[in-house]
Amino acid sequence: MKNIYPNIYQNSPKNLNKAKNFLKKNMIIAVPTETVYGLAGNAYSYNAIKKIYSLKKRPKKNPLIIHYDNLKKLKKDAYINDDFLKLYKKFCPGPLTFILKKRKDSKISSLANANLNTLAVRFPGHRIAKKLLKKLSFPLAMPSANMSSALSPINALDVIDEFGKNINFIIDGGKSKIGLESTVINLVKDIRITRPGAINKKDLSKVLGKKISTIKKVSKIYSPGMLKKHYSPGIPIALNCKTAGNKDAFIVFGKKYKRGKNIFNLSYKGNLKEAGKNLYKTMRKIKNLNFKKIRVVKIPNKDIGIAINDRLIKASNK
Ligand code: TXA
Ligand code: MG
């Protein structure tokens, strides 16, 4: 069969070596992770980081997450502490990002962390991301592979939907298992969750043996990227709706809703994990079907439902 997407590459040793060579030349590629697909570049290279911001049209004040495959490599760039180690042992590799203090002698381009004295770091769990990182002598700066403020991609075709031919190397790693971005926990000074995700506050405070706060009012220091509209399909979204007209896309959850051309069920079974996995896929489908309005039912605000609601609220911001 002819490959109609010449920029999508299957997972093979040959293609991973190709990916490595692209990255060594400070070129940008798309890499699958268990949360969402990322746009990867050499975190030590100013030029690579500049390309990431420019491709995504991302404001330079919104720092990137740096990805590693082991602790030894991380220690060259950030200071770790006991709380970090407890969480690392329990959840890594996995969908958790830590904000740590950046080492003064770190080689990470300061453009990647928006000139802050902190660094966001993550150990992705996807087998392809892990394999690729292992081959490299530098960590990868890797924001989600979407245009700034748009929907995150959860498969290789979504990356093409976002960037077309502007990304010429996408590694196909199937559908992202989780489908929502990693939880971000700030461990500098007081402990705070600045972005909810699959690993939630309860899981984290159990391991740490202490209470954790979630930021309500976003401040510049905690997460510069959280200030504005985000995760958006570019269509007005109304939340906590009970009904919707035939012309509106209606996003529902659970078996009490009927099926219909404009009705999109995140999970018939009423399973929040499944709903999380389907959220971006559903919104991207609705966008591409040219609906003009989205109405969403109330989603239970527990477990990963907290992360789903966080993304829905930000997507509905005008
Ligand atoms: O699941 C994920 O984390 C995905 C995959 C590809 O790993 N990546 C991702 O990256 O979601 P991005 O760039 O879309 O989101 C990064 C978030 C932003 O909200 C940003 O503001 C925050 O992390 N962040 C990065 N560096 C920070 C820092 N030094 N201090 C506070 N927040 C930071
Ligand atoms: Mg993002």
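R284 and D161 join their side chains in a salt bridge, with 2.7 Å from N to O. The model is predicted. Its chain is assigned two stretches, domain 1 (8-214) and domain 2 (237-316).

**Between the domains**

- The centres of domain 1 and domain 2, taken over C-alpha atoms, are 27 Å apart.
- Contact involves 21 residues of domain 1 and 17 residues of domain 2.
- About 1,600 Å² is buried between domain 1 and domain 2, and carbon and sulfur atoms give 55% of this area.
- On the domain 1 side, the residues that lose the most area to domain 2 are L151, L180 and P196, which together make up 37% of what that side buries.

**Polar links between the domains**

- Five salt bridges are counted between domain 1 and domain 2.
- Eight residue pairs are in polar contact between domain 1 and domain 2, both residues being at pLDDT 80 or more.
- Helix α6 gives the most to the side of domain 1 that touches domain 2, with three residues.

**Helix α2**

- Helix α2 spans residues 46-56, and its buried residues are A48, I49, I52, Y53 and K56.
- These buried residues line one face of α2, because they fall within an arc of 140° when seen down the helix axis.
- An α-helix has 3.6 residues a turn, so residues three or four places apart point the same way.
- The cover over the buried residues of α2 includes β3 (38-42), β8 (140-141) and α6 (156-163).

**Ends of α2**

- At the N-terminal end, S45 caps α2 with a side-chain oxygen 3.3 Å from the backbone nitrogen of N47.
- Just after α2, K57 has a positive phi of about 55°.

Definitions and conventions. Residues are numbered from 1 along each chain as its sequence is written. Chains are lettered from A and ligands numbered from 1 in the order in which they are written. This is a predicted model: local features need pLDDT of at least 70, side-chain atom pairs count only at pLDDT 80 or more; totals for chains, interfaces and linings use all residues. Side-chain values use heavy atoms; hydrogens and water are left out. Buried means under 20% relative accessible area, exposed over 50%, partly exposed in between (1.4 Å probe, protein chains only). Helices (H or I, at least four residues) and strands (E, at least two) are DSSP runs, numbered from the N terminus. The arc is that of the directions from the helix axis to the C-beta atoms. Contact means heavy atoms within 4.5 Å. A polar contact is a pair of N or O atoms within 3.5 Å; within protein, one must be able to donate a hydrogen and the other to accept it, and residues adjacent in sequence count only if both atoms are side-chain atoms. Domain bounds come from an automatic or database domain assignment. Buried area is the accessible area (1.4 Å probe) that two parts lose on being put together, summed over both. A salt bridge is a side-chain nitrogen of Lys or Arg within 4 Å of a carboxyl oxygen of Asp or Glu.
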